[in-house]
Every structure is written in C-alpha cells, then in structure tokens.
Amino acid sequence: MRTNPHRLESGGRIDRSRPLSFVFDGRRYNGFAGDTLASALLANGVRIIGRSFKLHRPRGLMGAWSEEPNAIVQLGSGATAVPNLKATQVEITEGLQARSVNCWPSARRDAFAFLKLFGPLMPAGFYYKTFMWPSWHWFEPTIRRAAGLGISPRVPDPDRYEERHEHCDVLVVGGGPGGIAAALAASRAGARVVLVDDRPVLGGSLQWEEKSIDGQPALEWVAAAEQELRASSSARVLKRTTAFGCYDHNLVALSERIGSEPAAAVRERLWHVRAARVVVASGAIERPMVFANNDVPGIMLASAAMSYAAQYAVRPGRRAVFVVSTDSAYEAAESLRIRGIEIAAIVDTRKDPGEIALSAQRAGIPILAGYVPVRARGTLAVKSIEVGLSPANGTAGGSARHLECDLVCVSGGWTPTVHLYSQARGQMRYDRERGAFIPAAGTKGFQCAGAAAGNLSLHQCLTDGFAAGREAAKAAGATSDAGLAPIAKAERSAVTAFWASPRDGHRKAWVDFQNDVTRGDLELAVRENLRSVEHIKRYTTTGMAVDQGKTSNMNALGILSELLQTSIPEIGTTTFRPPYDPVTLGTLAARHVGGLYHPLRHTPLDRQHAAARAVFEDFGGWWRPAWYASHGRNREECIRVEKRAARSAVSLFDGSPLGKIEVRGPDAALFLNRMYYNTMRTLAAGRIRYGIMLSEHGVIIDDGVCIRLADDHFLVSTTSGGASRIFGAFEDWLQCEWPDLRVLVTNVTSAWGNIAVAGPKARELLSRLDTDIDLDPHAFPHLSVRRGRLESVPVRIARVGFTGELSFELSLPAGYSASLWQLLLERGSPMGVMPIGIEALQELRTEKGYLHVGTDTDGRTLPADIGLGEVLARKTDDFVGRRSLDRADAKRSDRLQFVGLEAHERATVLPVGAHLVADPKTRRGSHGYVTSSCMSEALGRSVALGLVQGGRSRLGESVQIYSDGRLFPARIVSPQWYDPKGERLNA
Amino acid sequence: MRFSAIALARNAVSYHERWPKLWRSPEPRRFYDVVIVGGGGHGLATAYYLAKEHGIRNVAVIEKGWLGGGNTGRNTTVVRSNYFYPESARIYDLSLRLYEGLSRELGFNIMLSQRGILTLGHSSHQLEMLSRWLNAMHLNGIEGEMLNPRQIREWLPLINSSPTARFPVKGAVLQRRGGVARHDAVAWGFARAADALGVDIIQNCEVIGFQREGDRVVGVETTRGHIRANKVALAVAGHSSVLAAKAGFRLPVTSYALQAFVTEPLKPILSCVVLSMATGAYVSQSDKGELVIGGGLDLYPSYAQRGNLPALQAVVAGLLECFPCFSRLRLLRQWAGIVDVVHDSSPIIDHAPVRGMYLNCGWGTGGFKAIPGGGFAFAHLLATDRAHPAAEGFGLRRFATGALIDEGAAAGISH
Amino acid sequence: MLEHRTPLDSIRERQAQHGPTIERRDFHVAPAHEKGLLLLQSASVNSLQEALGQVLDLTLPAAQQVNVLGNYALLWLAPAEWLLELPRDETDPVESALTQRLGPSLTVITDFSDALVSFEVSGSGAPETLMTGCSLDMRSHAFPARRVVRTALAGVPAILWNPGNPDRFRCLLDRGFAEHFLTWLEGTTPVLG
Amino acid sequence: MLRISCPWCGPRDEPEFRWGGEVPVIRPGPPEAVSDSAWAEYLFIRDNPKGWVRERWLHALGCRQWFIVVRNTLSHEIRTTTKLGDSLPETAP
C-alpha cells in the first residue's frame, strides 16, 4: 500500500482521518473519503487512466466531473459490475475495484496501442470507403471486438430501483452559488422548492474557489443555506441527483444515486418532478483548446486542475503552463501557485488581457499575451509545450517559445450548460465574444441563472440566481418577500473565445478526445462536401461519445465556422437530447420488473385452483388454470382426464374472468341492437342469444351471449380479454355518438363469480343443492336464464356453455363463489365431478366445432366468413360496422372462411399454424391455415378448425397442409362433429 | 473516385487532402423531368433507380433540411423480410435482396450486417401465431426457422430463461437474413450514386407550394424559387399529410412519434436482433457497441421529434424483462422520428389524387428496411405510370374497397 | 349455507400468522373493515339526490369530493356516478329503499361489495409512499380531507380517498389485484425527507 | 409527458388518458345511402395537421369521460380542454 506521493500536505475537502484503499487496473492504491477515483489516482501519480476509442491513444484526466471524456472505467465485477463510468464522478469506497476500459492488460501498457500506427488509414468515415470486398461480414466481427468500451454484466442485477413522483412550485437544477441563491429566494418567498445537484456536496465551484459570500467564507454560507432549506418543510434538497431530461409541460426527470453497496435498500431512484417553474442553474463547462498533440496526458482544463488542487488537495503537476483565453483561469493559476505548484507561464491568447494579467505578473508569473499553443510534446505524459504569436499578431508559430512543464492547464472559454433549457425548447442567442450560446428570453416556465445564463462572476451568479428564484416563486403564486440577495465581491470575468490554433503541419489536433476526432477529420468531412453540422457530426462522430460532446461541440463548431466560412449561429448547434448524463436502465424501469411488470389478475377461486395443483398461465392478463396437475402424470393425460369427466360425468370451469356488462335503461335494447351484429331488439326477457360484435371496419372483435333479464335490463357477456375493451366501446358510443340514448352501462365483471357446471350429470349435481330455481328442462330450456337463490345466496343461472354438453353457468357474488365451488366438488364427488382448465375446454369446444374469437378468427374476419352471413340479410337496422360489410372486399368469394379440417391420418393432429398450401409441388401460396386442433377421444380421431379460402364451398375437398417443411393430406369438412343434433346440449 | 482499401491507402499518403466531394451542391434548375420532394432514403433511392433503371436523369431531389435527416437518420436500422402476406413479402424481400448487393452497387459500405432477427413468443397462443407466421413466410418463399427455448439460449445466452419469468420465452422465429445496416450510409450511398448519375440533390430547400395548371401539378414552389416538373413525387415520411394539404388533398395517414434509444458502447454482448411479442421491445447491438433499443409508438399524433418518458420507461422495462442483466447499463441518448401510420400499417405507393403527382408514404415503422425496394418500385411507377409487380395492392384504392393488407391483424405481429 | 370470502380474508389470515406485512413506524397498511359498496349511476341527479336525502339523509358530493355521515361515505367517481360505502348488512335494504323512491327515473344501483377491496394506508410516510406508485400529489396541502380520486396506483386502476384526517387513505382496487397491491406495498421503502 | 386537464378531474399525467382521434368526424348514414369513398373518408382520411388540432381524449383511468382537447402537434402545447356537450372550440388562436 503506497502513500499518496502527489497529495498536498494540507487543505482540501477530503477526510484525512478516513483512508480508503481501492484497486485500479490490478494495483492497490489508497485515498481518502471525499476523493473521487480520479483525484485519488492523480494523488497516486497515475497519469494514464484510459485509452481512446479508435486509436488507443494514452489518455489522462481532462476534467474533474461529468465533462470528462477520457477517464472511462469499469467498476466491480459479476452481477454488480458497472461499465463506462467516468472516474471523475466515482466516489471511492473501501475496497473499490476499478479498471480502465477498451484496453489490455492496462491503460498504461495497452497491447492495442499499435493501432495508432494505422491512424493514417483510419480518417473520419474510413469504414464507409472500404471493407466491401468480399463482404462486410468478413471484417465486422473483428471491428466489433475492437469497438465498445466497458463490459456488460452477464447475470441479473441484484439491486433494487425505485421511482417517486414529486410536485413543486420551483425546481432548481444545480446546487452551485446561482442555484442555492435561487432556492433560498424561492423558499423564502414561500414556494415549494426542490433543489437538485448531481454532486455529493452542494456548492459547485465554491468547493474549489476560495471566495466569500455575505462576508463569510463561501462554504459556510453554503452550509447555512443547506441547513435553512432542510429545515423548511416545503423544501427538498437532493444531492447525487442528476436532472437528466426535460419533457412536455415541465416534467423534469431526475436520477438519484443512493447507494452502490449491496447493503443499500435501493440503488437509484427515478424522480418525476412536475414543477410550475424551473430554474436551470447548472453552471458552465470549461473548454479545452485544439492544437497539435493536445491529448497528451497532463493537459487538463484549468478549472479541473484547480478543483484537484483545492477540493481534493492533489498536486496535478509540479510545473504548470496555463494556456488561456479567460480571466477565470488566472484564478486557477493563483490557486495552484499558492499550493506550491510552479507556474512556468500563463499563455494568454488575448493580445491584451488587462489588469488581471498585470497582477499575475506582479505575483511573479510570466505572462505571454497574444500567444497561442502550437504543439505539445510528450507521449505518455506532457513534457513541454511550444507556443507562438497568434496569427492575429503575426505569423503562426512566429517567435516560438518552448515551455518545459508536466502540466498544461487550458481554458478556451466557457460553455453554459443549457441542455435542459434547450430540451424545453428555450431560445438561444449566440454571444460572439464569449463564443457561447446563451439563453435568450426564457421559455414557458423555464429560466436559466448563473453561469448557465452566461454569468461567470460569483457576484453576478448570486444576484442573478436570487432574482430568478424570486421571480419563479412569484410566477408560481408565492407571495412572501424573499428579502435581499447574497453578495460577493465584484470581479472581472472576461472571455475571448479561442477554439483552435492554426494547423501545425499534419500533426493531429484533437477535437473529440474519446472518439479520436481531429481537426483533420472535420476538414475531411468539409472537403467531401458535408456542410450540415448534423452530417459532419455523424460522419466524424464528433460529440457522439459518452460525454455527448460536453467539451468538444463548441470547438467543433468554431473550427467548422472557419472551414465553412459561415458564422456559428448559421451553422447552428446539434440538438440536445436526453439524458444530460447517462442514466441506468434499471432506474428507468424502476419497480416495473419481475412480478410487478404487467400485474396479473387473480380469480376468486385462486386458492381452490392452487389446492388442486393447477398449472397457471397468463390468459389475457388473468392468472388462470391451463390444466390441473392433480389429474394425471403429465399434461396430456390431465387434459384427457378432464375432457372425459366433462363428456361422461360433470365438470366445473372457473368462468369468473368472462366479461359481464349490465346494460340498463329504456333504450337498452335499441342500443345493443346497434352494438351487436345480431338482432337483439327481438330477444325476449328471460332468454339468451349468442351474438358477435364488430368494429366499424366490419371485423369481428368479440362474441358472447347476450342475456335479457328484463325489457330494460340486459347482461352482456364478453370474452375474458374483451371485457374492458367492449365496455370501453359501449361508453364511447354512448358518450360521443348517441348521447341521446337513455342507457346506463356498468362493468360488473369483478362483482360476480362465475362457475360453469357442464356434463351429462350437471343437472343431477345442481339438484343436490338447495335452490328455488326449477331446473326441469321444460321449465328451464337451453338458452334461457333464471334468477333465484342457491344455498340462500342470490344467484343467476344461465343455460349456456362452451363444451357442447348440458351446462349451467352459475353467477353469484364473487365472495361466495369459492365456497360454492367447494360445495359442488363435495356433492359432485360421487358422480365424478372434476374441475377442468382452459386447455381441456379449448379441446372440448374444438371437437364441438365452436369457434373462439381471436383464435379461429383474426383481425380481418367478417361475420359471413364464419357462416353468419344470412343474419345480415334479416337485420334491417344499422349497427356498428354494417357499412363496411358492403364493400367489394367483403363480398369476395375467396375470403378465408371458418371450416373444419380432418387429417387423412386419424391419429395425426394437424399443427396449429399450419397452412393449406396452394401449390403442393412448389410449396408456394397459402389458402388459409389451421387455427385450432386436437385429438378427440370422443370422436376417436383428430379434428381441426381453420380459416380457408372459399372454405364453405370446398367441403369434402382434399388438401395438403404445410407445416415447417412437412405436408399433411387432409380434407375440408363441416365442423359439426360432436352431437350435431344438439341432443346433449338441450338435454 | 472508386472507394476501396487501395484508395484509402493512396489518400493516406496525401494526408486525405485529395478526396473528392461525395456529391455536388447544385443550384436548382428551372425544369426537371421528375422532382422528388424529400431527401430521405426513399427519395434518394427513387432518384437513383430512376436514373439507373429507367435512364431518367433530369431529376431533382429537394430536401427541406439535410439529406437523410428525417426517419432515415433516426431509426433503429433493422432490415428484415419476414412477412405474412405475399404482398408484404414481395416488397420487403425485394428490398432485402437489393440491400444485399447495395454496398458494392453503390461503392459505399452501408455495413449490412445480416446477423439474424429473432422474434420471441411467450405463450402457447403466441407460439401458434409464430408458426402461422413462419409457415406463411415459407409459402411466400422467405426462409425462416422456429427455435425452441434451448436453441434460443444458444443465440441469446443472456435471455431471461427463468421459468417464473413474467413472460417466459417459449419459442422464437428466426430469419437469418434479417439484421441491421448503417442508416446514414444508406442515405449517403444512394445520394452519392444518384449524384454521379446526374441527379441534382438540393438541400436546405423547402417546398412551400405546388404549381397547378388546371387539375394538374406542374411544379413546386420552393424557398429557392419555382421549379417546373413533368412529375412531382412525394417521399416525405412523417410529413406526407402536410405536403398533401399544400397540394389540396388529404390522406389516410396519421403522424406519430416513434422513439429510439441507445446505451453507452459495450464490448460485444448481443449477436442478433431480438423482438419480444409480449413486451414489444426490440434491441440489437451496433458495431460501435451501443445497444440500440426500440418499442411502440407514442399513442397520440405528434410532429415533435423528441423523446418522451412513459414510452421510454415501458420499453426499458420490457427490455429488462427479457434481459435482466442489462439493468446496470446506462442510457446514452433518446430521440424520436415522425412516422406515417396507415390503418393497416402497409405502405402507399400510388398516383396521388392530383394528376402529375405521386405518393410514396405510409411505411409506418417499417420505412428503413424498405428503402431500396420502395425506391425501386416508386421509380418504376414514376417512369411507367404502372405499379411495379412488387407494389401491387399498395394503392389508395384499398381504403375504399376494404382490401387492407394488415400484418398485425393476420399474424399478431405487425411492422 | 355458503361462506363469504374476499382476498382480504386471506391477507388477514396471513397477517395473523406472520404478523403485519409491513413493519414501519411511518407507514401502516391494513385491510379496511369490510363494508358494503353500492355503485350509483344516474341520468337524473335530482331524483337520486332526493332519494338519498330521504333514505340516508346524504347529499351528493361535488366533483372529487366525499360526503361522510356516520357509517356512510358517498364518493364522487364521475359526473353521473357515485360509490356509496355502507355497513355490509345494510346493502340490500338500502338498495331496495333507494330503488323504491327512485321510481321511474333512469338511475341504476349496482352492488359492488364484492368487486372492490379496500385497504387502509396510514402514517406520516403514507403520502410519500403512495407517491412512489401514483402520479398525484398525496400530501395534505394538495390532497385535503374528503378528497377522492380515481387514478392509477401501483400500475393498476384505483380509487383513493381521504376519510377525514391527514396521512390516512383508503385505496379501493379491483379484487383481482389485491395480491398484487400487497406485494407492491411490501416492496416500498421509506422515502427520505 | 403531457399534463392534460380533465374538465372533471383537473390536471393529470398522460398515462391516465387515451387519445381518440381528430374531431369532428361525422359518421355518415344510413348505410345504404353512403358511398364507398364517403365511408373510406369517415374511416381513414384525416387532416393530420402539423400544428393546432382538435381531438377526443378519454380520461381512461379517471372519470372515464370523453372530452375535447385543443393541442399543438408540434409543440404539444394544450390550449383548452372542454366537455363534450359544450360547443366545439376553435383551433385558430
């Protein structure tokens, strides 16, 4: 275990009393609580932390937070591994395991470093121009292996994620000086405030700038502010929380990082924040400069160097050269100087930096004004930088100066972080001097403040942020007086944007570091006549790395405006897409995983089924018994046994999920007559009629029995999957098309339990129960309904069924159905009663020749296709879908029609999904397909149902049925196999 | 200059300073035989095939923004021809066959990667649907295989194979010829080849109206002046209704936002394209290593090409149901394209209701995979005024006769 | 004689055996006391108002409101739809009494006692916990006493209402989702301030 | 994510609602008097404008009432929501 050779003796916000050890690329290091992986590595003198995507160039730290393009690492291993994190954002914890990505064995010694030799062959878009012979497939595997950064876990994520909805008056994004001031103002004005910051501590740049606010040290002011907000019942402070996206109507999505340790109950939380007003105080990101070899480790942003030195007490280098075009960088230089880092020189691209340069000079720092960087020297670490007079002051590289150093701090300008604002469609104006897009007039409910609004001095940030918070609160309806804004010393913060030095021969000058996009690549794209910034971005991949161009986009625009001879606003910027910073997929799914993904509905008989060892399956969102394992050794046997019981004795089927819709009112009959394809007006009270419903396109969408309980009272039963859909259709037509109809509809599906008692012994079984309903076939014929009491519970019994046997559907309040089910099983055991699952029922109805909507019909089936054409002729009134049945396509004779199919081989069960092949020789063309199929013990042969072209006119025809390479000879038949006269049904 | 490894090496020596333009930036002429409105994949492919197959080279492609900037540059790049209806199979397989030769034909690597597309079934009903679909494919002359759970695990070692999964994987249909292609490259390749054949590609040129003579359209009014043409072709997916309105007619089209998502780049983890019938989510891994993820449409009309949260959450939850190990990966980018949706989700390639005008629209979410086929058939219609055999049935008439071609309705698996 | 069971009985039994499903100081959940539920739909509000006044001395609540009187609570569900919560044994008599007084007017009453299950969710953490599965602001300043909403909770349709005092809610869900809702509740964690 | 103000329940999030199409769309009838093209017009043909449009929305997870929304399909801005019975609002501002 080494000590930290580059750790400053004192200072920093790290907790020196809590040393932590961690492993990077297989070597153990130590740091302190409060370190990021980046600062700890720097403290340990680790300069090379990553390799670039394409050329595997050695790369060091450029930034200190989310803007970092180079230091991409993989954390942990196995189920809890996390790929592609930025070392600058990783807080170290004891035992943390990290390794660099896209290199082997380590970032320092990367076996793939040789790839940079091929650099000349790999300009922007090179892959579009080659790899075509013999075929892309030859090259792709190798290229895929070379591409990609981190490694995905291969086992399910053990961690938990959550989501939370939040509503507030003012959401403040960013916990720097501007954001804190805004939150204070809004909160003091009486607004409900949420303040979010993506760092572990509030304060933003105040964490590394020695400043004072309201006469006290800035960080004390921050602490006091945080305390004040936390004390307020109407304010919420969220740290380690990234506002990653702004969506319609002021919905801002946040991702909160709670705990990576397995101990933590929740790893991350997704917040949906609906805010009346949003203040975006997300700060600004410093820009590097584009010059030859500007990617050598040791070249970093001035603000990052300052942050490492002041916040983390790390010495980023011993002898630094500053190359700047901003006043803010002088502050950084001073901060490094007082920490004992030698400042070799401040090279200012501005001809006359003014007072700030003079005071630096007085402090003994050599100033080179009007100079620009020409090239850096060094491969694994920067050794020196050559600077020269900028073209504006003579020829480039003229009177070149050579500056030895091990650290180059660059500051080419500041780019306001306006992602959220722009996602909210905020307008932007371009500030030429500062070289930045600055928010123009605020957009609906959105305003920017502080550095995000282009204010770089602390004083401006505070006053501006405070004002923004106060206005936002006011706009959200808060009325109290926010009081006075915090104050800091006024200071200059001038910037003259500097993008890039003139070309240095053919030396590479990097624009997008991670994706290895150089100035030359941009030149190539322009040379090939790609002029739109979107084209150039896609062709060169600049700005498309995991940092999404936070440090590269503006420099690219700057260079392009030069190359295209167009102003930056004319070129325009590429769109800011969510997320601002990458978001964990688990966080987005939150709790909608596993059993909570698409919740299942349970029937009132759930426990009874489980007790009979039902094998449950998801049928249209209901958790229903497919078959009962207690009935045999295997699935086939169980289904066979259940079918036998239904045919020879008596069966119980849980029909509770069947849709039940009450339709009441004087116009109920009229209404249903319009909703059903069949005529329902003429249905007599107490009677039942089978009916189908159509969409306005004439297509069958559902079927079931329609029960008329009284003149003005109907009960519509739908398929279990159709219940809410049909109920919705009823409401839709009543509310929007026929508001004049006096009808009320009620979906009572869940209120009633439903048990189908079917089989030759069904009546015998029911007669053993205490009921006031006369079950005699003459008093209670098929397709009629009776209401009464069963075991002194209100019941409705309908003589309908799906098996083709004598059957009674018992409907009673759901709460009693379990108890009735038990009673039926007891009383029925002497006669061999048995519960049957969906599989058995499907086979029973198949051999009976009953169709099942959705199985034996598809999204095109019309009534005539299933043999109900004549109903139309007899019905004169209009109904939903009627006009569509009168179109040419509906009258084609070769439409798919519902028929029976018999394999020539009686024992062959035709596969469902097999097609009637039009030309068996060529095996081309379909004449329809098998929709249901089973072996029927009752009939002693296999039977199938299907939709066949012109089927009903082809009864008796022999056909070939194709399934996955095999052909089955079969015959088209009428599907009335079982009990064609319906004697059993009407028994 | 022909693109090749040699060309690349030669230019490396000259520091890549001698590469010619990919295409010209011509000033619009006063008159063209055909003006194609819309510089997306379909418009550019149409222009290319007009010039190459029919010798009609006095053609302009007019693009409001930058070419390939619409759905061509926003989709999830899946190509496949696993369709139920013979009509669909014809056009999409024509397209796939053209894709298979496209890199060499255009001399531009579109990176067609036929790594196979798996459609997962999660219930006995879905398995029946899959085999109905697969057998239809076979009878349409399209290859495909049914995979059992064990075979699926060989293709997808990371698939959620837990028996207690909310949507257990019970089977899948595989089309080996399906896969992905580099979307920008398709647009750029067609543009470069069309330009080389003399087609004028005019970017940053918006059509603001149409010139009429009687009941006939004889040209377009653009932000860069009037351009006369014998024939005006619309290939403006997403905005078909908007252009139709300018020409004075309405279409059976509704515009929806279709979202797409990518994760950060990863080392190879997923070898093929996967679509789940139960969750509707689909995913593939790009050559760069990003997981490219898609799902259903946002459920109301939109022309805003931006992401939305509910759909994102639903799609990601669906993805994690099938691949729980992807939970710790991170979303890098979210965006949306605007697609033309027709009731039967099948395209419209036909004469417009206005004389002199032609339509290529309604591809819904299936537009990218159809670019070469759609362009080929549309060029045929423009050149001959007769529907190409592969495009029969995709006319406007079907909405009056009811002869819709609805894959979703027939096989439960829509585009 | 048939026994009456709801999913809540199973949950109670489980809690009797294994103790409360959730043990958190700031958050409690319990199957609400079994009540009867009558769904009232009416095309002629006045006659319904009249009947309710005569039978139960209740007035129809305004939109999103609940009127509570003794053992009765009347919840607004939709413009012409209300849910009456009442002692279970009074369901039939009240229904017939109302029906009598309603006469010919187009009003229908449906016994919903077995369609929905009711959970009582309470504790200082209740609003925050509900807000992890519901997009509405459940905190007292936004969700006052006697407020009722129909919305989505834990991914399923639900009726949420506040019977009187803050941090105390009733959640009415389809009986088929009772188990799901409990599983969902069990998985919630305290939300830090 | 849209925030739609239901005329009965107030502002709610997008997932509680279901879009129901442009209005007005007049259902032609009686069937025998309707031409194929008129029926196709009713079933399929829409303005599908880029900009302001009047639509039907259903508060599916709330009061289950259909109502009218004036929405901009480009900005997603919602200008008004009104009950079905009320007179149809104008799309032009």
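Biologist: Which residues of chains A and C are linked in a network of salt bridges?
Modeller: In this predicted model, the network consists of Arg164(A), Glu166(A) and Arg236(A) together with Glu128(C), Asp137(C) and Arg139(C).

Biologist: Why can such side chains pair at all?
Modeller: Opposite charges on side chains can pair when the charged atoms come close.

Biologist: How many salt bridges are there over all chains?
Modeller: The search of the whole structure returns 120.

Biologist: Take Arg538(A). Which residue forms a salt bridge with it?
Modeller: Its partner is Asp184(B), and the closest N and O atoms of the two are 2.8 Å apart. The bridge joins two chains, because Asp184(B) belongs to helix α6 (residues 183-196) of chain B and Arg538(A) to helix α12 (residues 533-540) of chain A.

Biologist: Are those two residues buried or exposed?
Modeller: Asp184(B) and Arg538(A) are both buried.

Biologist: Now chain C. What does Glu34(C) meet in a salt bridge?
Modeller: Glu34(C) pairs with Arg12(C), at 3.2 Å from N to O. This pair links distant parts of the chain, 22 residues apart: Glu34(C) sits in the loop between β1 (28-31) and β2 (36-42), and Arg12(C) in helix α1 (residues 7-18).

Biologist: And how accessible is Glu34(C)?
Modeller: Glu34(C) has a relative accessible area of 24%, so it is partly exposed. Arg12(C) also counts as partly exposed, since its relative accessibility is 30%.

Biologist: What about Lys35(C): which residue forms a salt bridge with it?
Modeller: That is Glu85(C), with 3.8 Å between the closest N and O atoms. Here too distant parts of the chain are linked, as Lys35(C) lies in the loop between β1 and β2 of chain C and Glu85(C) in strand β5 (residues 81-86), 50 residues apart.

Biologist: Why does Glu85(C) count as buried?
Modeller: Its relative accessibility is 5%, and buried means under 20%.

Biologist: Changing topic to chain B, where is Ser284(B) found?
Modeller: Ser284(B) is in strand β14 (residues 282-285) of chain B. With a relative accessible area of 3%, Ser284(B) is buried.

Biologist: Which residues does Ser284(B) touch?
Modeller: Leaving aside residues up to four places away in sequence, Ser284(B) touches Val180(B), Leu270(B), Cys272(B), Val273(B), Glu290(B), Leu291(B) and Val292(B).

Biologist: Which chains share the most contacts?
Modeller: Chains A and B do, out of five pairs of chains in contact.

Biologist: And how far apart are chains B and C?
Modeller: Their nearest C-alpha atoms are 12 Å apart, and the two chains do not touch.

Biologist: Back to chain A as a whole. How many helices and strands does it have?
Modeller: Chain A has 24 helices and 51 strands. Chain A is more spread out than a compact globule, because its radius of gyration is 38 Å, well over the 30 Å that the globule rule gives for 987 residues.

Biologist: What box do its C-alpha atoms fill?
Modeller: Along the principal axes, the C-alpha atoms of chain A fill a box of roughly 115 × 75 × 60 Å.

Biologist: What share of chain A is buried?
Modeller: Of its 987 residues, 65% count as buried. Chain A exposes about 33,700 Å², and carbon and sulfur atoms supply 53% of that area.

Biologist: How many positive and negative side chains does chain A have?
Modeller: There are 119 positive and 104 negative side chains in chain A, and the centres of the two sets are 3 Å apart.

Notes
Residues numbered from 1 in each chain as written. Chains lettered and ligands numbered in written order. Predicted model: local features only at pLDDT ≥ 70, side-chain atom pairs only at ≥ 80, totals over all residues. Heavy atoms only, no water. Helix = DSSP H or I, 4+ residues; strand = E, 2+ residues; numbered from the N terminus. Rg over C-alpha atoms; globule rule 2.2 N^0.38 Å. Buried < 20%, exposed > 50% of the residue type's maximum accessible area, 1.4 Å probe, protein only. Areas by Shrake-Rupley, 256 points an atom, 1.4 Å probe, with all protein chains shown as cover. Lys, Arg positive; Asp, Glu negative; His and termini not counted. Charge placed at Lys NZ, Arg CZ, Asp CG, Glu CD. Salt bridge = Lys/Arg side-chain N within 4 Å of Asp/Glu carboxyl O. Contact = heavy atoms within 4.5 Å.
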